[in-house]
Each structure stands twice: as C-alpha cells, then as structure tokens.
Amino acid sequence: LSQTHSISGEILPQKVRTIGYSAGGAIASYVAMILDGLLSLQDFEQKINDMLGLYKDQVRSITIASPPCISRNIVPRYISSLICGDDIISRSHEQSLSYMKKRVLSSLKTSSSFVGRIPGTTFLSDMAAVTGKGMSSYTGNAHDLESAHVPGRVFFMKKRKHKNGVSFQRVLRGNWREDMLWTLRDILLSARMFEHHNIDSYINTLMRC
C-alpha cells in the first residue's frame, strides 16, 4: 500500500512481522491472526478491537517451537511454524498428554521390573516400546480435527549425521509422515524430547540447513 495505517492519529507501519519462541510463538500467531482479522474478539479493550483486521493480507508470522494453540481446521498461510526433532512442547496438547498418561500407566502395570526392586532394563524397554504402540494405533480414522494444533504452515526439521545435514520438510495435514513417522500429533518419548525444545537446538539445526 502507498499509505500507512493510523489509529487515533498514530502513524503505524504498512506491514507487520511477528516472531516468537515456545509460548511466545503462540502469542506471535495470535497477534498475527488478530491483525489479519481471523480471530473473533469479545470482551477485549476497545484499543485491541480497533486492531482487528487492520493488517489484512499484510501480516506475516514465524513461530519457533510453538505449542499447539489453534484448531487443526485453521491453517493461516501467513504463519509459518518450525518444529525441531522430538520437541515435546510442540506435541503437547490435552489429547496427546492424556494418551501418553494411559500408555505410561499401561507400561508400568505390565513391567516386571517393579517387583521388589528399582526399575531396571525391563522397564526401560517397556517405555521404549510406548512410542511404537502409539504409532501403531494412530490411524487415519483417529484424527481429531477439533483438537489444538501448531499454528499455520508447519515445517519439520531434524539433524542428520550424513554430511552434518538436516532434513527440512513441510508437514501436510493428514499426511502419513505426520501421524506415523514424525508423530507430530503424539508425544514421542525419547532421551532428547526436552533438549530439542531448547532454542539453541533450533539455532544449531537451522545453521546446518
């Protein structure tokens, strides 16, 4: 546009870019959706309502390690979200946490390592199988289209040993890789699920691209 925006006489920029990490990524996406007019606001201060739709088609947002925060049915193309490896935060929503709890409790009940001694290799083996059980039971018929999802267009990246490289791919909703290979709708229990959420992990991975 050739002219700038203004509210109450204040001159505002022509375009807006928002970026955020972890919970800040969710906030960045909400701000972008408010400015684009996608979110329906109620009981907010008038100044915030004045911003609704002010930057229609002129806002872009990048989230890093954002938690699931919007409906799976909503895919704002002006929001791009990055998920690194086994990041637990980007996979944590009410359904996935509840499902993980059931899987872990089931594993504890069937583990023989708790009979009169400290948890040992048997229990660890049982826990290692938890993810596999989740992957085998999560089919296309199990999709919950109403549950929270990482905002916008999602890109999955993972470090590879080959030539110190990185795989970097767009995640398509309902794609078998999302459900079975990357388990982005299910918490992947691994030794690095917290480490991969660290901002340094994201920076190091991006530097290898």
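By class, six charged, four polar and one nonpolar residue make up the lining of the largest pocket. The structure is a predicted model. The residues that line this pocket are Cys84, Gly85, Lys158, Lys159, Arg160, Lys161, Arg192, Glu195, His196, Ser201 and Thr205. Two or more lining residues come from each of strand 8 (153–160) and helix 6. Strand 8 gives the largest share of the lining, three residues. The space in the largest pocket comes to about 180 Å³.

The side chain of His197 forms a polar contact of 3.0 Å with the side chain of Asp87. Leaving aside residues up to four places away in sequence, His197 touches Tyr21, Ser22, Ala65, Asp87, Ile89 and Tyr202.

For the protein as a whole, the secondary structure consists of six helices and nine strands. The following table gives further overall values.

| Property of the protein | Value |
|---|---|
| Residues that count as buried | 42% of the 209 residues |
| Contacts with a separation of 6 or more that join residues 24 or more positions apart | 66% of these contacts |
| Accessible surface | about 11,900 Å² |
| Accessible surface that belongs to carbon and sulfur atoms | 57% of the accessible surface |

Terms used. Residues numbered from 1 in each chain as written. Predicted model: local features only at pLDDT ≥ 70, side-chain atom pairs only at ≥ 80, totals over all residues. Heavy atoms only, no water. Polar contact = N/O pair within 3.5 Å; in protein donor to acceptor, adjacent residues only side chain to side chain. Contact = heavy atoms within 4.5 Å. 1 Å grid on protein atoms, 1.4 Å probe; cavity = no way out; pocket = protein on both sides within 12 Å on 5 of 7 lines; lining within 4 Å. Points joined across faces, edges and corners; volume = space filled by probe spheres on them. Helix = DSSP H or I, 4+ residues; strand = E, 2+ residues; numbered from the N terminus. Nonpolar A, V, L, I, M, F, W, Y, C, P; charged D, E, K, R; others polar. Buried < 20%, exposed > 50% of the residue type's maximum accessible area, 1.4 Å probe, protein only. Areas by Shrake-Rupley, 256 points an atom, 1.4 Å probe, with all protein chains shown as cover.
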